[in-house]
Structures are given as C-alpha cells and as structure tokens.
Amino acid sequence: MKSEADVVIVGAGINGCALAYELSKRGKDVVVVDRRHIAAGATGRCGAGIRQQWSTKENALLAKKSVEIFEGLEEELGHPIGFRQGGYLIAIHDEEDMKQARKNVEMQKSIGLPVRIIDREEIKEIVPILDPDGMKAIAATFCPTDGHADPFKTANAYALAAIRNGATFYKFTEVRGIKVENREVREVITDKGSIKTKFVVDAAGAWSSRIAEMAGIKIPNKPVRKEALVTEPLPRIFDAMVISFRHGIYFSQMARGEILGGIPSPEEKIGYHFEPTWSFLKKMAYMLGRYAPILKGTNILRQWTGFYDVTPDALPVLGEDKNVRGFIHCHGFSGHGFMIAPMTARLLAQLITGEKLDLPIERLSLERFEKGTVKEKSVVG
Amino acid sequence: MRVEQHPILKFSHGGMIKFYFNGIEMYGFEGDTIATALYANGIKVFGHSAKKKRPRGFFCGIGKCSSCMMRVNGVPNIRTCITPLQEGMIVESDKYDLPETAPYRKPERKTMDVDIAIVGGGPAGMAAAIEAGKHGDVSVLIIDEQPRLGGQLIKQTHKFFGSSMEGAGKRGIEIASEMEEEARKYADILLETSVIGYYNRGHHFLAAVNKLKGIVYEIKAKKIIFATGAQENYLVFENNDLPGVYGAGGIQTIMNVYGVKPGKAGIIVGAGNVGLILAYQLLQAGVKVKAIVEAMPRIGGYFVHAAKVRRHGVPIYTKHSIMEAVGKESVEGAIIAQLDEKWNFVLGTEKKIDCDFIAIAIGLTPSARLAQMAGAKVKFIREAGGWVALHNEFMETTANGIYIAGDAANIEEASAAMVEGKIAAVHALNSISPLTNFEAIVEELRNEISSLRKGKFGEKARLAKERIYEGYYEELRGNRSG
C-alpha cells in the first residue's frame, strides 16, 4: 500500500470515483479506499435518474451543470456510461401541487431549462402506458433534458479514467482511523496500512458519519433503508422517468427493457437494516398497477435495498470542515448523489486545488445546521 | 420421441390433451408438462433469445435455469418444464410485445400459520416432514414448485446403495412414492407453488405464489427448513446454448418421469456417477450413447456403473472434453478433443461425433439463495459444491430457526439428504417444544449419517461438512466479539 498521497478519498461510490477523476486530472496524487468495491453501496442500488427539476434555484443550477457534464462524459472519460435523455415526468395531483409546479417551472425556465407543464393528454403521449386517472394526476411537468445513466458504468468509467491519470484504488480495504494533529488531517489508517495525507474526503455514503467520527467530527446524517425493484424485460415503451412527490414513487424503463422503480416502504427504517420487505413489494406492485395498469401481469425479477444518507434538510454537505483542516465533506446526498456527482466532484476538486469555484458551495457547509435550513421539497423514493 | 419399451418403467399415460403451439394443433398426454408434450411432438426449439435470436430449448428440466420459458395463455415467461399441460393451452414462442392479452386477475390471497414450513419436497424435505409428524404434534407444510412431490428421486430408476433405513436396495422412484404417501399423512402440501421470498416480520415469513392459479400465499412459520436442492453446473464451449445441450438431470426428468426421449443418439460429458447412470438409463430407454467424455484422467464414478456401461459398448474417453456443439437450430453433432496437463485442448485430436443431444453431467451447485435471504451466512466451499449456507450439526444455519438440508446444504446423495432432513426436523421440533427422547433420536441419526459418509466415497462429504461447521462456529464467534 502507498504510504503517502495528496488526497485520500473514503468511498468508491459515484462521488468518490468522480472526485478521484477530477483531482487526478488536476495532477493530484489520489488514493480511493473502499470497504467493498466500486459502486457497492447506494450508487449501484439507485434508480440512476438525472433530474434538473428542483424547487430551489441553487439546486436546479447544480443539477443543470451536472447534466452539461453528463452530456459529454462518455467522450471525456473514454468509456460508455449509458446516458440518455428521456426526460422526467413529474405528476401534479391537485391545485396545491399546481401552484408549486408553476413557481418551480418559472424559476427553472429562468436558468434556461426547457421544462413545461403538460396536460393529461400529453402525459399519455410521452408515456403511453400511464393512466392519469390511476395516477390521480391533473397534469405534469416535463423536462426533456432530464435523463438516466447506468450507475455501474458511470462509476466505473470515472474510476478507469482516474486510474489512467495515476489514481490508485484500494478495494476491500477498510478505514479504521483518521489521525488529526493540531486540528489538521495527518494520516488515514486502514486495515491494510496507513497513508500520510493532508486531505481526506468523506464520501462514504450511509457510513459517512462513522468516518467523520474518526476525525472527531459529528454530522447529523442518518442512514435510511430504501427499497427498489426491477421487472422482467419488456419491449421498449417509454424513455421518461415518471415520479410523484406526493406518492413518493419513481420508475423508468432501463436499457434492456426492464422497469426499475421504488417507493417509500411502509417499514422504512433508520439504521443499517439490509433486509428487503414484503410490504414494499406489495405497495410498489400496487402503485405500479395504478400508474400503468398494463404492467399488472408483469413479473418482478428482483428487489433490493440500499441506503439514503439523509441530512435534516435533504441537501448534501460539501466543503472543508471548519474545525479539522483537510477534512472534506462529500456526503449527505439524501438520495440524489448520483445525478449531481459530476458537478459536486468538480467543485470539490476546485476547492482542494485552490481554484476558483464554478458555483458557490457555502450554503452546503456543515455549519448551516446550526442556523436552521430550508428543506428541499422535491424528493422521492 | 416417446419411450416405447422400458425394462423397469411403465408409462401409463393419461388421456389425450389438445394444445396449440404457435397456432398449430398438437396433442400431449395428461401428466405431461408443456415441455415434454412439445418434445413428444418433435419440437426442440422453444423460442429464440430476444436480442441475439439464439435458439432456446430446455436445459435443466426442473425449473431452475429459465431456458424453457414461453408465453402460455398470454402470460409471459412461464417455465414450461414444470408447468403441467392443460386442455386448450395456447403456447407461444418469440413473443416479445407487451402482454396486452394477459388475462390479469387479482390474485387470491391466502394466509397460513404453521409450526414448520419446509421448502422443497424432495428426499430431504419429505423426510423432514415425516420425522416431524412422527415425533410431535405440529403443523407441517411442504411447498414445492414442481407438479409432484419427490424432487429428483422420481427419476432415479437405479437401486440405491445407502443404508437400509433410507431404502437401500430399492429404486429411487419406489422410495419417492412410499415417502410421498407417508408425508401426506403428516403435512399439508402446496405444489406448483414457488416461494418467492423470505421476510422477517418479527417472525419467519415466506411469500409464495401459484402463478397459473393466481394465488399468493403469506406464510407465517415458527421454523423453516430449506430443502431446496441444487442446480446443474454448466460448461463453457462453443454453441453451448443450442437446444439439445441438456443437464444430465434434465434428461432423466423427461425420460424417466415423462417417458419422452431426449433424442436418438447423444454424448455425455462427465464420467461421475451421474454421467454413468444416465448412460445406462438412456440405453434402457432405447437411446444410443455414442461416447462419454471425462476431463479427469480417471473415471469418477463407481466401478460397477462404469463396467455396466462399457459392457454395452459405450466408449469412455478420459482426459477428453467437448470443444463445440455443432448445429444451427439444435444439436447435430459434437466435437470432442483430448486435454493436456494444463487442461488445454491438444490440437489435432479433435473428433466429430454425430449426435442430436449432449448431456452435461459435471456436478451440481447447492441452491442456498432462499436460506441466504433468510439471513443464513454463506461461504464458498469447494468440497460442498460452491456457495453454501453455513450450518451446525443440527442443520441450523446462522439464522435462528432457519434450517437447511439435503443438496441445498452440500452436494451429496439422497440417503444423506433424508437423514439431514430428519435431523433438522427433530431439532426444530425440540426447540418448539422439548422432546423427552431428543438426545437418543439425534444420536441414532448421527450414527446413521456417519456410516453413510464412511470410506473413500464419503471423504468429500466429510471434508465439506467439517469446513461448513467450522465456518458456522467462526461466524458465531465473530458475531459475539463484533
């Protein structure tokens, strides 16, 4: 094992891999350590949707910048990522939803997103199997440049490009401690050896609070068990991701034709609970049948669980710790880590190398929780 | 393609059943599965893969490989090898449009509450049910996705060695029907029902589905015994997905259970006991066996079986393997060749053998996934056949109240599977309500199983069990210290 590195990243999920790439591109000597393998945690278990329709301008901008990177990412990394832009169709259920949607769309348009409100007829044009009655939808918002990428391919493409730039990945290697002296990061201790470094990045997803604790930092994140399922492959029917903030449901059709989706489980639990539940399976099957009645006879192939790393305001924590120099927060993505990773990684790389940041990230500092924050409303799953 | 004469088996076919294959009227017998009825009509190709359009047929014959799936009465992805043929069935291949015609009906929901749920009605599962019923007053449920009980016993036409307690001297098929009769006295039985998941809902819970009848079972159980058997190993060679390449057990199923021949002439890959016994069974059914190839320098199975096959003029090529299956839509031949010390083919030694099927008899992998879903820790143990659920001497896994028995626990043979099923049942029973003679029963069963594992042929099982127990106790210690 290497004894020294410029930056040690804990976690080989999408954020760890993307950051390793962005840093290695800037000439930094980067090491990524993961207890398991690339995309073994939330990345490989997520719905992999990429959405720009957010309720606050800052978040929408972050997502828009990410999509701009996604659009050229295959070429930049030199590996396929399975990116396609089929749009996000977000159900509007009543007048109250409509009010919020109008506000959101206006803001989203102001930053240049091609989003619009569509009626029930157009819902069926975009996703022919949807039943607006079953959805209890009066309309929807639709942004055609939202989309989807393959989480395994994307994380892997980032990792391969980072390795090409000289980054080192230590898989099946567990971080056991972080040495801090004079309020500065000195060393990362693993079960395979120690690495001297000035920067450690906490990109450990649902386990981020355990890593932060090793440096004496307390973060308010909580691991929440989430569930998803996938059906047997069907002929290609639709390209959009269908979601509802009210019902919490999301689903889309994958490259091979299978429908992948999730919904909050009636047995949703905080803590490290890995078991899938029967009540989720029943609820998701029921709701899928309501949204798209033709899917009622479809076989479900698989269900699984993963964790959201949830913060009190459902927004990520990004930036250097105020008390421990060199400790970089990159966690708390609350279920949206995949879609904004290209941009958050770029911003953190700019921060670590002392460049000017493309977007301000102060609002996402850990300290915000002391003051009280505004919760992001546009959340599913 | 039906077996006409057989020295041991008599096929009393039921009435004729009319069905439609891609719009063509065909007939099968009552008691056929869709796959065997198609076979008897000379249909080997059940469809083509969605993307690359490779021809597809059945491989395993017991519902584990998913190679035989077709659309039946509008319902997509039905495993035709385990689905009984019914009058007027519409069987279609290569249908990849939306299941618009699928006659969806809301499934009926049934809840059950039992003391011991047994998943799998083969030798281990049936033995467990009988033992539990004999020693205790408990409710026992067997769930199996096949149309009949017996697991793989129902295709064993040879006489068993084993111990007299487990029916040595009898043929597998006889043992199966005796056990079935007994098991039905003590247990409720759900056939054609697949357990789709284990969930911990504060108690052990299984979800099971009878797809064609449209019933969902929600089963609460105090203890669960997974006797889920094994699946056949596959081999990598060119065209290995052609219809006509079968698992050895798949052939035994269609031939010995349903009286349908796999083809006219074939070769067998693997000269272990399964390969040798299969060769003899094929000869009994009037099917030619052109060769048996074995990658090892020696024949793996019992000498008596090998001698019997050789007497019938079947050549056994050791240090040989299959290079390629020849054929367009189904197998028309096989190319075999010699292997060197490093398991590479020796060029120039290729032989083409004309045949219309290839049997793969290279061992089994335990089906331990449901037990794993129930929380049992698994480990890769080569001697046991791959990833196995760690368990103790009472067959209990690392998950409390979850047992595993038979081939699902480690690859052995039917007699050992039965004793394991009994041990699991007795221990489960005793932990529900203590038995007065628990120690004595277990002692006897232990003696029986160690006598089964004596000698050279028991060596692998002994080693496997040692490593499984070791892993189990390591896991327990780890949990305590962690």
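**Exercise 1. Strand E17 of chain B**

Task: In this predicted model, find how many bridges join strand E17 of chain B to E18(B), and in which direction the two run.

Solution: 
1. Locate E17(B) at residues 288-294.
2. Count its bridges to E18(B): there are three.
3. Read the direction: the two strands run parallel.
4. Check one pair of residues. Val293(B) faces Tyr317(B) of E18(B).

**Exercise 2. The sheet around E17(B)**

Task: Work out the strand order of the sheet in chain B, and say whether the sheet is open.

Solution: 
1. Five strands take part, in the order E15-E22-E16-E17-E18.
2. Their pairing is parallel, and the sheet is open.
3. The edges are strand E15 (245-247) and strand E18 (316-318) of chain B. Each of these pairs on one side only.
4. On average, neighbouring strands are turned by 20 degrees against each other, direction ignored.

**Exercise 3. Helices on the sheet**

Task: State which strands helix H4 of chain B touches, and which strands helix H5 of chain B touches.

Solution: 
1. Start with H4(B), residues 248-257. This helix packs on the sheet and touches E15 and strand E22 (357-360) of chain B.
2. The direction of H4(B) makes about 85 degrees with that of E15(B).
3. Move to H5(B), residues 273-284. This helix also packs on the sheet, touching strand E16 (265-269), E17 and E22 of chain B.
4. The direction of H5(B) makes about 175 degrees with that of E17(B).

**Exercise 4. A helix pair in chain A**

Task: Classify the crossing of helices H1 and H7 of chain A by angle and by hand.

Solution: 
1. Take H1(A) as residues 14-25 and H7(A) as residues 151-164. Their axes come within 8 Å and cross at roughly 30 degrees.
2. Angles under 35 degrees count as roughly parallel, so H1(A) is roughly parallel to H7(A).
3. The crossing is left-handed.
4. List the contact residues. H1(A) supplies Ile14(A), Cys17(A), Ala18(A), Ala20(A), Tyr21(A) and Ser24(A). Among those from H7(A) are Pro151(A), Thr154(A) and Tyr158(A).
5. Sort by class: 11 residues are nonpolar, two are polar and none is charged.

**Exercise 5. Chain A as a whole**

Task: Judge how compact chain A is from its radius of gyration.

Solution: 
1. Chain A holds 11 helices and 19 strands.
2. Its radius of gyration is 20 Å, close to the 21 Å that the globule rule gives for 381 residues. Chain A is therefore as compact as a globular protein of that length.
3. Along the principal axes, the C-alpha trace of chain A spans about 60 × 40 × 40 Å.

**Exercise 6. Chain A against chain B**

Task: Count the residues each chain brings to the contact.

Solution: 
1. Chain A gives 12 residues and chain B gives 16 residues.
2. The chain A side divides into six nonpolar, three polar and three charged residues.

Methods. Residues are numbered from 1 along each chain as its sequence is written. Chains are lettered from A and ligands numbered from 1 in the order in which they are written. This is a predicted model: local features need pLDDT of at least 70, side-chain atom pairs count only at pLDDT 80 or more; totals for chains, interfaces and linings use all residues. Two residues are in contact if their C-beta atoms, placed from the backbone, lie within 7 Å. Ala, Val, Leu, Ile, Met, Phe, Trp, Tyr, Cys and Pro count as nonpolar, Asp, Glu, Lys and Arg as charged, and the others, Gly among them, as polar. Two strands pair if DSSP finds at least two bridges between them. Helices (H or I, at least four residues) and strands (E, at least two) are DSSP runs, numbered from the N terminus. Axes are lines fitted to C-alpha atoms, for helices over the stretch in contact, and angles run from 0 to 180 degrees between N-to-C directions. Angles under 35 degrees count as roughly parallel, over 145 as roughly antiparallel, 65 to 115 as roughly perpendicular and the rest as oblique. A crossing is left-handed if the near helix is turned anticlockwise from the far one by less than a right angle, and right-handed if clockwise. The radius of gyration is taken over C-alpha atoms; the globule rule is 2.2 Å times the number of residues to the power 0.38.
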